[in-house]
Amino acid sequence: MTTIRNAYLLTTNSESERTTTRKKLLEEIGFIVNIVPHTPHKDPVISNRLSMMNIYTIIAKSNLKWAYVFEDDVEIHEKIFIEEIIEYEKISSHFFYLGMCTFWPRMARFTGNIIRGHNVYSMAGYVRGLHAIGISNQGAKELLWLAQRSPHKYMDMVLEFFTFKYPANIVRFD
């Protein structure tokens, strides 16, 4: 099995030091990084939502089994490589978080899986942030469908709602 995975890096400035640094960081992990400029809108929240929906459309129309979506403010707290991340694809159906933001860590549930010495936890709801996700082709199609019908202004709230149907595994939640 190939270890090549596409990553889509959303940014408002493809020439910025922040974008350049994040691109290099993701390439060191093992991703092929595609820089995606934001979709302009006077409301930055709507801009983010439209931009994410654009990326999900690209993934949904592709023949990729899995792809990865990052915002240009993503942080890496521990060294990790693509081979470990791919192991989460095998136990996830639609998407998973590569880290996450939550005020409710006790809501995470142990899945019974262990990947490279790390217990795998999942969440249904209680999650904010779109900084980094892995998403399957089918997951992109279903998330895009939901986003097109959702009244939520914030895309991370749409994704949180998606977790109620498809609880999301979290890479290295421990």
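Biologist: Let's start with the pairing. How many bridges join strand 3 to strand 7, and do they run parallel or antiparallel?

Modeller: Five bridges join strand 3 to strand 7, and the two run antiparallel. Keep in mind that this is a predicted model.

Biologist: Which residue in strand 7 is the bridge partner of Phe70?

Modeller: Ala132 in strand 7 is the bridge partner of Phe70.

Biologist: And how do strand 1 and strand 3 run, parallel or antiparallel?

Modeller: Strand 1 and strand 3 run parallel, joined by four bridges.

Biologist: Is strand 3 largely enclosed or open to the outside?

Modeller: Largely enclosed by the rest of the structure, because six of its six residues are buried.

Biologist: Which way do the side chains of strand 3 point?

Modeller: Trp66, Tyr68 and Phe70 point one way, while Ala67, Val69 and Glu71 point the other way, and all are buried.

Biologist: OK, new topic. In the largest nonpolar core, which residues touch the most other members?

Modeller: Tyr56, Ile135 and Met155 do, out of 31 residues in that core.

Biologist: Which elements supply at least two residues each?

Modeller: Strand 1 (5-11), strand 3 (66-71), strand 4 (95-97), strand 7 (132-136) and strand 8 (168-170) each do. On the helix side, so do helix 2 (44-61), helix 4 (137-149) and helix 5 (155-165). Helix 2 gives the largest share, six residues.

Biologist: What does Tyr56 touch, leaving out residues up to four places away in sequence?

Modeller: Val69, Leu130, Ile133, Ile135, Ala140, Leu143, Leu144 and Met155. There's also a second, separate core of 21 residues, and that one includes Leu26, Ile82, Ile86 and Ala132.

Biologist: Ile82 and Ile86, you say. Which residues of helix 3 are buried?

Modeller: Ile82, Glu84, Ile85, Ile86, Tyr88 and Glu89 are buried. Helix 3 covers residues 82-89, and with six of its eight residues buried, it is largely enclosed by the rest of the structure.

Biologist: On to pockets. What volume does the largest pocket have?

Modeller: About 480 Å³ of space lies in it. Its lining has 22 residues, with Glu75, His77, Leu98, Gly99 and Met100 nearest the centre.

Biologist: How many nonpolar, polar and charged residues are in that lining?

Modeller: The lining of the largest pocket has 13 nonpolar, four polar and five charged residues.

Biologist: And what about the second largest pocket, what's its volume?

Modeller: About 360 Å³. The second largest pocket is lined by 19 residues, and Leu10, Pro44, Val45, Asn48 and Glu71 are the closest to its centre.

Biologist: Which element gives the most to that lining?

Modeller: Helix 2, with five residues. Strand 1, helix 2 and helix 5 each supply at least two residues of the lining of the second largest pocket. By class, there are six nonpolar, eight polar and five charged residues.

Biologist: How far apart are Arg18 and Asp72 in sequence and in space?

Modeller: They're 54 residues apart in sequence, but 6.7 Å apart in space, C-alpha to C-alpha. Arg18 is partly exposed, with a relative accessible area of 42%.

Biologist: What about Tyr121, which element is that in?

Modeller: Strand 6, residues 118-123. Tyr121 is partly exposed too, with a relative accessible area of 21%. Not counting residues up to four places away in sequence, Tyr121 touches Ala108, Arg109, Phe110, Thr111, Ala168, Asn169, Ile170 and Phe173.

Biologist: Last one. What is phi of Tyr126 near, and where is that residue?

Modeller: Phi of Tyr126 is near 60°, a positive value in a residue other than glycine. Tyr126 is in the loop between strand 6 and strand 7. Arg172 also has a positive phi, near 50°, and Arg172 lies in the segment after strand 8.

Methods:
Residues are numbered from 1 along each chain as its sequence is written. This is a predicted model: local features need pLDDT of at least 70, side-chain atom pairs count only at pLDDT 80 or more; totals for chains, interfaces and linings use all residues. Side-chain values use heavy atoms; hydrogens and water are left out. A nonpolar core is a set of buried Ala, Val, Leu, Ile, Met, Phe, Trp, Tyr and Cys residues joined through side-chain atoms within 4.5 Å. Buried means under 20% relative accessible area, exposed over 50%, partly exposed in between (1.4 Å probe, protein chains only). Contact means heavy atoms within 4.5 Å. On a 1 Å grid over the protein atoms alone, a cavity is a set of points where a 1.4 Å probe fits but cannot get out, and a pocket is an open set with protein on both sides within 12 Å along at least five of seven lines; lining residues have an atom within 4 Å of a point. Grid points are joined across faces, edges and corners, and a volume is the space filled by probe spheres set on the points. Ala, Val, Leu, Ile, Met, Phe, Trp, Tyr, Cys and Pro count as nonpolar, Asp, Glu, Lys and Arg as charged, and the others, Gly among them, as polar. Two strands pair if DSSP finds at least two bridges between them.
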